[in-house]
Amino acid sequence: MSDQYNIAVIPGDGTGPEVVAEAVKAVKAISKKCNIGFNFKEYGLGGDLYLKEGTLLPDHLLEELRTTDAILLGAIGHPGVKPGILEKEILLNLRFKLDLYINLRPVILFEGVDTPLKDKGPKDIDFVVVRENTEGVYAGGGGFLKKGTPDEVAVQESINTRKGVERCIRYAFEACRKRNRKKLLTLCAKTNVLVYESDLWERVFNEVHKEYPDINTNYMHVDATCMWMIKNPEQFDVIVTGNMFGDIITDVGAIIQGGLGIAAGGNINPEGAAMFEPIGGSAPKYAGQNIINPMAAICSAQMMLDHLGEQQAAAILLDAIKKVVKNDIKGLDAGNMGHGTKEVGDLVAGYI
Ligand code: IPM
Ligand code: MN
């Protein structure tokens, strides 16, 4: 074996275990094909464990996860648990405590996939969103005053540090250079209203740009970004943005690339840990029926291979994904693929 990687697998809730199993299947096929070693270790975190034992993300597990080469996550979110608890204590805590400060979300329309955008095809929808992943309103600053009274005040603060903004923007310039396509980096913010945070983002963006004279830049307000992603997605190459705006625009991105059945993302600390996940939720109503599309999870495993530096393996898996999407599966939504969850995983493994 040329390499040996320790991969933590967190199947999580709902359809998470089903889709993650297919991602692991794909990586195992790659392992054989490319002679790369992977040790998988499963962690039973999620809603069921929380309901049974009250456990969310214990410190000793967090430290263990920190030392792995990568984490593959299925989904977090359980109908029996009040919204917000699992998301904050598990998903966001993993992002924050492992300092996974980049959320990398490719928006790529594969051949054979339907987009709701009229007259747009794979050559038009091919860009990457670099979302800051540890700050902004997600940092949880703020509080209530006189909660529950008619005089109630709710304050939700957006925290943006110079260091946090700069490292994200620098990563985006690097990603744009590495992608080597249009060499255009777009800053998405809201300078006309958020006169403090967007001002910081814009200043840092312009400063860091001086180190990347080979990259062109432009600026777009977040509302306009949503509009242009639908009207003229072909203009984009790499978009860099804060946490909240990144969350919102990547849902637009997911739907134009074919939906949550295929949209994947990586939570990355370029100097440390990384976690890869399908960006859709746990979809509990589809759980246990072998009908959920595992492609987004498989795509997240593909991103993981790329992140690990296994470019050849990543290219082989990408090729297999494209073939299955183009030749074999009918639709990307749960129940309309023309195949079951496991069968889609088998098809991918078959092409590998
Ligand atoms: C995402 C999700 C999460 C987010 C939720 C589940 C907390 O929507 O990964 O995009 O807002 O970041
Ligand atoms: Mn989201």
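Select Tyr212 to begin: at 3% relative accessibility, Tyr212 counts as buried (buried means under 20% relative accessible area, exposed over 50% and partly exposed in between, with a 1.4 Å probe and protein chains only). The model is a predicted one, in which local features need pLDDT of at least 70, side-chain atom pairs count only at pLDDT 80 or more, and totals for chains, interfaces and linings use all residues. Residues are numbered from 1 along each chain as its sequence is written, and side-chain values use heavy atoms, with hydrogens and water left out.

The ring centres of Phe173 and Tyr212 are 5.0 Å apart and the planes stand at 10°, so the pair is stacked (rings of Phe, Tyr and Trp, the last by its six-membered ring, pair if their centres lie within 6.5 Å; planes under 30 degrees apart count as stacked, over 60 as edge-to-face and the rest as tilted). Because Phe173 belongs to helix α5 (residues 162-179) and Tyr212 to the loop between α6 (197-209) and β9 (216-221), the pair ties together parts that are 39 residues apart in sequence. Helices (H or I, at least four residues) and strands (E, at least two) are DSSP runs, numbered from the N terminus.

Remain with helix α6 and select Ser198, which has its place there. Ser198 counts as buried, at 1% relative accessibility. Neighbours within four places in sequence aside, Ser198 is in contact (heavy atoms within 4.5 Å) with Ala189, Lys190 and Thr191.

Now colour the chain by domain. The domain assignment, automatic or from a database, gives domain 1 (1-103 + 262-352) and domain 2 (115-257). Between them, domain 1 and domain 2 bury about 1,300 Å², 57% of it on carbon and sulfur atoms; buried area is the accessible area (1.4 Å probe) that two parts lose on being put together, summed over both. On the domain 1 side, Phe96, Tyr101 and Asn103 lose the most area to domain 2, together 42% of what that side buries.

Finally, select Arg167. Which residue forms a salt bridge with Arg167? Asp99 does, with the closest N and O atoms 2.8 Å apart (a salt bridge is a side-chain nitrogen of Lys or Arg within 4 Å of a carboxyl oxygen of Asp or Glu). The charged end of Arg167 also sits over the ring of Tyr101, 3.9 Å from its centre (NZ of Lys or CZ of Arg within 6 Å of the ring centre and within 35 degrees of the ring normal).

Definitions and conventions: Chains are lettered from A and ligands numbered from 1 in the order in which they are written.
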